[in-house]
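I opened the notebook to look up what sits inside this chain and what sits on its surface. My entries follow the display.

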Amino acid sequence: MSNPANADLAAIYPKPQERVIAKVRPALDAHSRRFISLSPFCVMATSGTDGSVDASPRGGHPGFVHIDGDHRLLLPDRPGNNRLDSLRNVSEGSGQVQLIFFVPGLNETLRVGGTASVSADPDLLAKLEEFGKPPRSVVSIDVQEVYFHCGKAIMRSKLWAQDAQVPRSAMPSISEIIHDQTSLGAPEPQEITDARWREQL
């Protein structure tokens with residue numbers, strides 16, 4: 001059996017339609033700006049010096065990513081786990097970033113790609129205050145490509161459908177998960193999950 005990683009993609013997939021290629025824009029337009037202004041959540045992907053890739057969730061009030069013209073986005077960095085994987089990749093790695101924006105209730109997503117830098121300029125931090133506090137730093141993104149994804153992935157996943165929502169009890173809390181994963185001599189995750197499910201029966 002051949003290695004799937006070496007598959008001849010051209011033999012498997014047809015060429016994309018011209019409109020799929022043409023929809024990639026070099027700057028933000030009215031539609032993408034509107035979408036970003038409605039978005040309370042995005043995922044940011046970055047790459048490190050060793051070729052590793054990191055993807056991390058970012059969120060805030062709708063429009064938490066600030067639009068600074070057609071070629072610049074400002075993404076505030078709020079307190080988190082202090083691993084700083086994304087920020088180190090931006091400051092020490094390739095500087096290339098990709099963002100995918102989501103808007104609850106809409107099936108389409110928006111991808112924005114470009115190069116980024118990290119700033120702790122006090123005036124910029126004050127400009128992006130949210131939840132009563134300024135961010136610790138700001139990722140400034142020089143936008144180079146923008147395009148909308150159709151809603152097939154969201155529709156297939158039923159991400160926004162009320163009847164597809166998973167009850168919170170299906171998973172332990174994040175504090176319980178971290179405790180289980182970091183405790184010495186902790187049982188395997190499957191054993192933990194099976195035990196908790198039996199407790200709920």
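A term before I start: a helix here is a DSSP run of H or I with at least four residues, and helices are numbered from the N terminus. With that, I placed I12 in helix α1, residues 9-12. I note that the model is predicted.

**Entry: the surface at α1**

I then looked for a patch around I12. L9, I12 and Y13 make a nonpolar surface patch of about 360 Å².

**Entry: I36**

Next I went to helix α3, residues 30-38, where I36 has its place. Its relative accessible area is 0%. The cut-off for buried is under 20%, so I36 is buried. Which residues does I36 touch, leaving out those up to four places away in sequence? I found L28, G63, V65, I67, L73, F101, L110 and V112. I also checked V103. V103 is 67 residues from I36 along the chain, yet 8.3 Å separates their C-alpha atoms.

**Entry: the cores**

I looked up the largest nonpolar core and found 22 residues in it. I36, V65, L73, L99, F101 and V112 have the most contacts inside this core. Two or more residues come from each of α3, β1 (41-47), β4 (72-77), α4 (85-92), β5 (96-102), β6 (109-119) and β7 (137-149). Which element gives the most to this core? It is β7, with four residues. Apart from this core lies another one, of five residues, including L124, L125, L128 and V138.

I went back to V65 for its contacts. Leaving out residues up to four places away in sequence, V65 touches I36, C42, L73, L74, L75, P76 and F101.

I followed the strands next. β5 and β6 run antiparallel and are joined by six bridges. One partner I looked up was that of V97, which is G114 in β6. The two strands β5 and β6 form a hairpin, with six residues between them. In that turn, G105 has a positive phi of about 95°.

How many bridges pair β6 with β7? I read 11, in the antiparallel sense. For L110, the bridge partner in β7 is F148. L110 had already come up in my notes, as one of the residues that I36 touches.

Notes
Residues numbered from 1 in each chain as written. Predicted model: local features only at pLDDT ≥ 70, side-chain atom pairs only at ≥ 80, totals over all residues. Heavy atoms only, no water. Buried < 20%, exposed > 50% of the residue type's maximum accessible area, 1.4 Å probe, protein only. Contact = heavy atoms within 4.5 Å. Core = buried A, V, L, I, M, F, W, Y, C linked by side-chain atoms within 4.5 Å. Patch = residues over 30% accessible without salt bridge, like charges linked within 9 Å, V, L, I, M, F, W, Y side chains within 5 Å. Areas by Shrake-Rupley, 256 points an atom, 1.4 Å probe, with all protein chains shown as cover. Salt bridge = Lys/Arg side-chain N within 4 Å of Asp/Glu carboxyl O. Pairing = 2+ DSSP bridges.
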